[in-house]
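Hi there,

Here is the structure I promised to pass on.

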Amino acid sequence: VVTYNTLIHGMCKEKKAEEAFGLFKELSSKGYDTDVYTYNILLDALCKDGKLNDVMTFVEKMIASGCVPDNVTYNVLMERLCRGRRLDRAMRILREMEAKGCYLNSVTYNIVINGLCKQGRVEEAEGLLGEMDDRRVVATVVTYNSLIHGHCRAQRIGKAMQLIDEMLAKGLVPDKVTYNCILSAYSKKGNVGKMRDTVQMMTSHGCELDAITYGTLIDGLCRTGKYEFAITILQTMLSKGMVPDAAAYNPILQCLCRQYKVQEALVKYREMLEKCVAPN
RNA sequence: UUCCUUGCAA
């Protein structure tokens, strides 16, 4: 089973879900073992880009085949519901799970907390963080990152900083995602000074700057018209051997076009193609 | 062997 699960997972990661389901059907028809991992892997692939109806049909098949859904199954489903604006349904499942005596783990809470934060319901999300503490479910860096992102999106950077202090007090180490959230709050305002400070903070804490960090910097600079500076950041990125994506180029193109520099924008566009960056 | 968090645009 492990061999086949690994293969099926590999196919799913490469967006070849058709192939994965094909292999799954072949295995089942030959009477080979499948387990809850197999189903969870496929369910997750369906949830990533499938219709909710297909998802539910698959869960029914899973149960009909005698496979008992586990925590991961619920988590995958809840994540899908949260993304499909069915957050309250996800909350109901959460309460049902606990009513059944299901052990709610950090990931379960993280999914709902993130869902709430994405809807701007950060207060409620913080309520769940309190609930985690009460129930001795450990809050993780991911938990805090979701909350921090929620505050940052609403420009409540002070609140975000408070949460970072809280993390540190619990012995959790802010990571590049944490800092990228803060950075993006400043970049949306085009606050170049604070962007600098944040990057400095990252490097001094041994956090690597990733493609998202650079993309965020480029975006922030372009928002205030500093496309030349943005281009130097892009070059830094390239010189470090990082692979830029459309999110690194788009703000620059947008900025140039806004300043009626379409010719220059086209030059950058061609560069994009040369570097095999797929436009979107 | 499976689930959760961050950037542009939409």
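A phosphate oxygen of RNA strand B sits 3.2 Å from an N or O atom in the side chain of K48. Please keep in mind that this is a predicted model, and that every distance here is computed from it.

For Y37, a polar side-chain atom is 2.9 Å from a base oxygen of RNA strand B. For N180, the corresponding distance from a polar side-chain atom to a base oxygen of RNA strand B is 2.7 Å.

Stepping back to the whole RNA surface, RNA strand B is surrounded by 39 residues, and the closest are N5, N75, N110, K118 and N250. Of the atoms of RNA strand B that come within 4 Å of the protein, 49% belong to sugar and phosphate. By residue type, the surface near RNA strand B consists of 17 polar, 14 nonpolar and 8 charged residues.

Which helices supply at least two residues each of that surface? They are α1 (2-13), α3 (36-49), α5 (71-83), α7 (106-118), α9 (141-153), α11 (176-189), α13 (211-223) and α15 (246-258). The largest share comes from α13, with 6 residues.

N5 lies in helix α1, and N5 counts as buried because its relative accessibility is 8%, where the limit for buried is under 20%. That value takes protein chains only into account. Beyond residues up to four places away in sequence, N5 touches D35, Y37, T38 and I41. Y37 is also the residue with a polar side-chain atom 2.9 Å from a base oxygen of RNA strand B.

Now for the overall fold. Chain A contains 16 helices and 0 strands. The C-alpha trace of chain A spans about 60 × 45 × 30 Å along its principal axes. Of the 280 residues in chain A, 45% are buried. Among contacts in chain A with a separation of 6 or more, 55% are between residues 24 or more positions apart. Chain A exposes about 15,200 Å², and carbon and sulfur atoms supply 54% of that area.

The largest nonpolar core has 67 residues, and I113, Y144, L147, I148, I218 and I252 have the most contacts inside it. Helix α15 gives the most to this core, with 7 residues. There is also a second, separate core of 23 residues, which includes M11, L23, L27 and L46.

What does Y144 contact, leaving aside its neighbours within four places in sequence? The partners are L129, A139, L163, E166, M167, K170 and L172.

T73 is another interior residue I looked at. T73 is found in helix α5, and its relative accessible area of 1% is why T73 counts as buried. The side chain of T73 makes a polar contact of 2.7 Å with the side chain of N40. Leaving aside neighbours within four places in sequence, the contacts of T73 are V36, N40, L43 and M62.

Most residues other than glycine have a negative phi. R85, however, has a phi near 55°, a positive value in a residue other than glycine. R85 is found in the loop between α5 and α6 (87-99), and R85 counts as exposed because its relative accessibility is 74%. Q155 is not a glycine either, yet has a positive phi of about 60°. Q155 is placed in the loop between α9 and α10. Is Q155 buried or partly exposed? Q155 is partly exposed, because its relative accessible area is 32%.

D165 counts as exposed because its relative accessibility is 51%, and the limit for exposed is over 50%. D165 and N191 are 26 residues apart along the chain, and their C-alpha atoms are separated by 22 Å.

Best wishes

Definitions and conventions: Residues numbered from 1 in each chain as written. Chains lettered and ligands numbered in written order. Predicted model: local features only at pLDDT ≥ 70, side-chain atom pairs only at ≥ 80, totals over all residues. Heavy atoms only, no water. Near = heavy atom within 4 Å. Polar contact = N/O pair within 3.5 Å; in protein donor to acceptor, adjacent residues only side chain to side chain. Helix = DSSP H or I, 4+ residues; strand = E, 2+ residues; numbered from the N terminus. Nonpolar A, V, L, I, M, F, W, Y, C, P; charged D, E, K, R; others polar. Buried < 20%, exposed > 50% of the residue type's maximum accessible area, 1.4 Å probe, protein only. Core = buried A, V, L, I, M, F, W, Y, C linked by side-chain atoms within 4.5 Å. Contact = heavy atoms within 4.5 Å. Areas by Shrake-Rupley, 256 points an atom, 1.4 Å probe, with all protein chains shown as cover.
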